[in-house]
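Student: I would like to go through the interfaces, cavities and backbone details of this complex. Please give the cut-offs as the terms come up.

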Amino acid sequence: MSSQNGTEHPSFYDHRGKYKGIFAWILSTDHKRIGLLYFYSIILFFLTGATIGLLMKLELIAPGKTIVDAQTYNAFFTLHGIIMIFAVVIPGLPAVFGNFFLPIMIGANDVAFPRINLLSWYMYVTGVTLVVISQFTGQGPPDTGWTFYAPYSFRTAGNMIPAVSGAFVLGFSSVLTGLNFITTIHRMRAPGMTWMKMPLFPWSLYATGWVQILATPIIGITLLMVIAERVLHIGFFDPSLGGDPILYQHLFWTYSHPAVYIMILPAMGAISEIISTHSHKAIFGYPFMIASVMAIAFVGYFVWGHHMFTSGMSGTALYTFSLLTFIVAIPSAIKVFNWISTMYKGSIDLQTPFLWAVGFIFVFMIGGFSGLILGSLAANVHLHGTHFVLAHFHFILFGGTGFAFFGAAHYWYPKITGRMYDKVWANLGYLLFFIGFITLYSPMFYLGYKGMPRRYYDYDEIFHGGNILSSMGAMVLYAGIAVIVINLFISLRRGAKAPANPWGGKTLEWSIPSPPPHENFLEQPVIDKEVYDYK
Amino acid sequence: MDISLPAFLSDHLKRIILMEKEQENITPYKTFIIVLAVLIGLTLTSVALTRIYLGAITAVAALVIAAVKSSFVLRIFMHLKTDKRMFSVLVIAVALLISTVITITFLDYLYR
Amino acid sequence: MINPSDIHRQAETAKLGMWVFLFTEMLLFGGLFIVYSVYRLRNAAAFHLAAREMSIVIGTANTIILLVSSSTIAMSITAIRKNNKRLALILTGLTVILGFLFLINKYFEWGEHFSQQIYPGSSALALRGQGDVLFFGLYFFMTGLHALHIIIGVTIIIVVMTFISRGRIHSDRYSVLENGALYWHLVDLIWIFLFPLFYLIT
């Protein structure tokens, strides 16, 4: 099918539907518009969460009080966690790029349930609104950390119910997205697109969808129990009434560990697309990439106890969870080897998305190895609750999903907007981001190893040097984020017009105009070639 | 069919074939009544079992009966028996998942 | 002309969507079963004794009510597929009535407990001991959440009944009834497990 330039057919931006003006966006059931609604919401909350993070680093640049008091600092790290986890990284790639590209990449004209898709965005907005409300009403913002551990979460005076309800609603939004994606992938693939001809980004969304469906309800019910504790004193997690706080942790992490796979699997899918396209080569070991994505989703369901090694679990539980944690690392490693093998003897096009992909592999591996260290019982005793953990999960989550999000944003920018971004500013932004990122988070490994606790407002003077370095990194990173985001927005107006297939990609989105027409495909595509059919 | 029919005729034929296939799959009223009787019988049996002191086995017996009742509801009332096999596979997978999570959680509570 | 294979395709898609949603409900209650099983392990004797205070008559009656209601709504699908609109309305109507009966029984059952000062957070309950607090806490929370689902299910079936009476659901297009019935069956399934856990393990 020949690539069209998009001048003949109106794009989805110009489509005239039932509604006008802003309503044409907030009442639209077009998956592409919904993807963009999510994009703007998520970028807004990402910048909010990043700003709070920067304020935290400014506070930590010296021992003692620097800019805020201890209670405010506790509220900061709580809000930072709630926003980044529930409002940015979990919806992140699926809600933005999944919504926009899943139907297109499987040759469909929308998702299975477009109205439920729009409902999931409204639930997202409701959820974040509740979280914002929790900051300004009641007896003060929540200060429990995003993990809402019992019994503090039902004893604190902080405004827990709106925050916990917000998280509940955000979880429901996630469930609806997963439901839609699973059904779409099962039922709406184009003729000829068998399961083994589906590209890896849709596959990653499929695995993610099952995790969203099967894990999220557990935190839903757990948060309802927390509300029942606060309001009814029901006693499930209250030791004075016979409850076990460790059971709260079990329930919380039974969701929140699979949740990190919700965050990382779509990221890995996007990275596979970027690496394949910019290496002009089929992904190495395509069936193993599929098997590993499904294996990560499956095994990842059973490792939650590694967040609880120092909580008081039995010895049997300790070594079972440690063993399973090591096992779940294996499929991730397979993916890394396959990405590198894809690049080997490929025709590498050193575009911005590719830089993000290579950076992803580097930081994801650091995050992954540090995860194995934390998964070792003896090491964990010393490292639990320290800055080492902070470094681990920022490398693997911000490094992983964050890098993939920005990579995907640049990779698919021409398709979504019909423009090219400015490459010089994009690469400069990446450089600042990368340097800032490494400077911000690397010292945390050392600080944690030396014993600096996390979620502490103050620290001993021996940690001062590492904190100065880390906080300077935060400022450089923040500048990099600013450059990247501003460049993407300015290029909307000033960027050169993009062709349908600027990178020479082989997946279906590159066969339609940039930006796509309202119905995606002017003729129903029929798939007769293998996936990633580079010669 | 290797004769090419006019479009409206072949659509009509497809419609008849589809409707006939679907008529085969309508569960008769009698089946539901019989299954209901079985379910009520199992319910009353499980109540009667609590009268007899079975010790620790009481819990297991009650849950086994509940599982049997569920399989009737799933297979007959919810049509898993006549639907595509994928649905049954998924239901079993979800049941296994919940039991596995409970089992792993018990690795903590049993051995503290 | 509406292509019957299109309706069939859409019905299968809607059915898959409903089953995926049912899985989320199973996991939602699954979380509570995790809590129940842990606390039963740790408070076996107390749970034993507390269960003996439950009214096995109301419990069994409610179980049978829900089983009958599952059969009525299952039969209503057969009715609509055989073009028997009147019977379909009678059967779905019966399902709704049975749902209300269940809730009325629950109301009286809970009322009886409240009159004995047994409710979450009551001092009388706390005085009885930790095992009782957990048993009754779980009882009210799980049956309460279940009752909420009965209310949702009844609402869905009432909506389905209006669709049937207006001809929006008929023998060639009954996916909404089918999926509404699936939801109702799930509510029945959950009770099939709640019943032994709270009434029979004595």
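The questions below take up the interfaces, then the cavities, then the chain and backbone details.

Student: What conventions apply here?
Tutor: This is a predicted model, in which local features need pLDDT of at least 70, side-chain atom pairs count only at pLDDT 80 or more, and totals for chains, interfaces and linings use all residues. Side-chain values use heavy atoms, with hydrogens and water left out, while residues are numbered from 1 along each chain as its sequence is written and chains are lettered from A, ligands numbered from 1, in the order in which they are written.

Student: How many residues of chain B are in contact with chain C?
Tutor: Contact means heavy atoms within 4.5 Å. On the chain C side 50 residues take part, and on the chain B side the number is 48.

Student: What area do chain B and chain C bury between them?
Tutor: The size of an interface is often given as the accessible area lost when the parts come together. Buried area here is the accessible area (1.4 Å probe) that two parts lose on being put together, summed over both. Carbon and sulfur atoms carry 78% of it, and the total for chain B and chain C is about 4400 Å².

Student: Which residue of chain C meets B:Asp83 in a salt bridge?
Tutor: A salt bridge is a side-chain nitrogen of Lys or Arg within 4 Å of a carboxyl oxygen of Asp or Glu. There are 2 salt bridges between chain B and chain C. In the one made by B:Asp83, the N to O distance is 2.7 Å and the partner is C:Lys15.

Student: Which helix of chain B gives the most to the side that touches chain C?
Tutor: Helices (H or I, at least four residues) and strands (E, at least two) are DSSP runs, numbered from the N terminus. In chain B, α1 (7–24), α2 (29–51), α3 (57–77) and α4 (85–109) each supply at least two residues of that side. The helix that gives the most, with 12 residues, is α2(B).

Student: How many residues of the side of chain B that touches chain C are nonpolar?
Tutor: Ala, Val, Leu, Ile, Met, Phe, Trp, Tyr, Cys and Pro count as nonpolar, Asp, Glu, Lys and Arg as charged, and the others, Gly among them, as polar. That side has 10 polar and 7 charged residues, and the nonpolar residues number 31.

Student: What area do chain B and chain A bury between them?
Tutor: Here 14 residues of chain B are in contact with 19 residues of chain A. Of the area buried by this pair, 74% is on carbon and sulfur atoms, and the total is about 1400 Å².

Student: Which residue of chain A forms a salt bridge with B:Arg112?
Tutor: The count between chain B and chain A is 1 salt bridge. Its closest N and O atoms are 3.2 Å apart, and the partner of B:Arg112 is A:Asp244.

Student: How much space lies in the largest cavity?
Tutor: On a 1 Å grid over the protein atoms alone, a cavity is a set of points where a 1.4 Å probe fits but cannot get out, and lining residues have an atom within 4 Å of a point. Grid points are joined across faces, edges and corners, and a volume is the space filled by probe spheres set on the points. The count is 4 cavities of 30 Å³ or more. The space in the largest is about 80 Å³.

Student: Which helix gives the largest share of the lining of the largest cavity?
Tutor: The lining includes A:Tyr38, A:Phe86 and A:Gln212, and by class it has 8 nonpolar, 4 polar and no charged residues. The largest share, 4 residues, comes from α7(A).

Student: Which helix gives the most to the lining of the second largest cavity?
Tutor: About 70 Å³ of space lies in this cavity. B:Asp83 and C:Lys15 are among its lining residues, and they also meet in a salt bridge. With 4 residues, the helix that gives the most is α7(C).

Student: How many helices are there in chain C?
Tutor: The C-alpha atoms of chain C fill a box of roughly 70 × 30 × 25 Å, taken along the principal axes. Chain C has 0 strands, and its helices number 7.

Student: Where does A:Pro151 lie?
Tutor: A cis peptide bond joins A:Ala150 and A:Pro151, with omega about -5°. A:Pro151 lies in the loop between α5 (114–136) and α6 (152–155) of chain A.

Notes. 1 Å grid on protein atoms, 1.4 Å probe; cavity = no way out; pocket = protein on both sides within 12 Å on 5 of 7 lines; lining within 4 Å.
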